[in-house]
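Reader: I would like to learn how to read helix packing and a nonpolar core from a model. Please take me through one example.

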Amino acid sequence: MHRLLPILSRLARLAFWPATLFALVMAILPQPPHIAAVDLGDKVQHMLAFFTLTFLAGAGWPRMPLVRAVLWLALLGAGIEVVQAVPALHRDSDWRDWIADSAAIVAALLPVIGFRQWLEAARAKAAGSGQA
């Protein structure tokens with residue numbers, strides 16, 4: 001198991017950038033695609049995106065201070081709302097979307113902290129048994 005966790009961390013790091021790009025593209029497309037069977041609403045979509053990004057960032061860069069990740073992701077959410085205010089995009093900028101983003105970022109901290117503790121325990125166990 002101790003060998004699996006660093007691999008998961010690397011996979012999270014690899015997935016972070018495509019997931020961020022996907023979220024940005026979906027946020028600025030004038031008419032993003034809608035999946036009728038899974039239309040959960042705008043706020044839920046924001047929350048899913050930012051929960052995912054927060055988990056990937058926190059797991060992918062386990063030594064990065066969480067405050068830094070929270071601030072950068074909150075800034076990304078605010079930036080998306082600023083871009084959506086551009087009239088040519090035909091999108092609606094809503095400060096409540098940024099609140100939803102921020103709430104999801106905070107909610108994702110719990111599993112991130114759990115993953116980081118799991119990873120650290122695995123590293124300590126590997127170091128204790130001489131399997132670094």
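Reader: At what angle do helix α1 and helix α3 pack, and how far apart are their axes?

Author: Two packed helices are described by the angle between their axes and the distance between the axes. This is a predicted model. Here α1 (residues 4–28) and α3 (residues 66–84) pack at about 25 degrees, and their axes are 9 Å apart. Angles under 35 degrees count as roughly parallel, so α1 is roughly parallel to α3. The crossing of α1 past α3 is right-handed.

Reader: Which residues in α1 and α3 meet?

Author: From α1 come Phe16, Thr20, Leu24, Ala27 and Ile28; from α3 come Leu73, Leu76, Ile80, Val83 and Gln84. By class, the residues of this contact are eight nonpolar, two polar and no charged.

Reader: Which residues of the largest nonpolar core touch the most other members?

Author: The general idea comes before the case. In soluble globular proteins, nonpolar side chains tend to be buried together. The largest nonpolar core in this model has 20 residues, and Phe16, Phe50, Leu53 and Leu73 touch the most other members. At least two residues of this core come from each of α1, α2 (42–60), α3 and α4 (95–128).

Reader: What does Phe50 touch, leaving out residues up to four places away in sequence?

Author: Phe50 touches Leu73, Leu76, Gly77, Ile80, Asp101, Ala104 and Ile105.

Reader: How many helices and strands does the protein have, and what percentage of its residues count as buried?

Author: The protein has four helices and zero strands, in the order α-α-α-α along the sequence. Of its 132 residues, 33% count as buried.

Terms used: Residues numbered from 1 in each chain as written. Predicted model: local features only at pLDDT ≥ 70, side-chain atom pairs only at ≥ 80, totals over all residues. Heavy atoms only, no water. Axes fitted to C-alpha atoms, helices over the stretch in contact; angles between N-to-C directions. Parallel < 35°, antiparallel > 145°, perpendicular 65-115°, else oblique. Left-handed = near helix turned anticlockwise from the far one by under 90°. Contact = heavy atoms within 4.5 Å. Nonpolar A, V, L, I, M, F, W, Y, C, P; charged D, E, K, R; others polar. Core = buried A, V, L, I, M, F, W, Y, C linked by side-chain atoms within 4.5 Å. Buried < 20%, exposed > 50% of the residue type's maximum accessible area, 1.4 Å probe, protein only.
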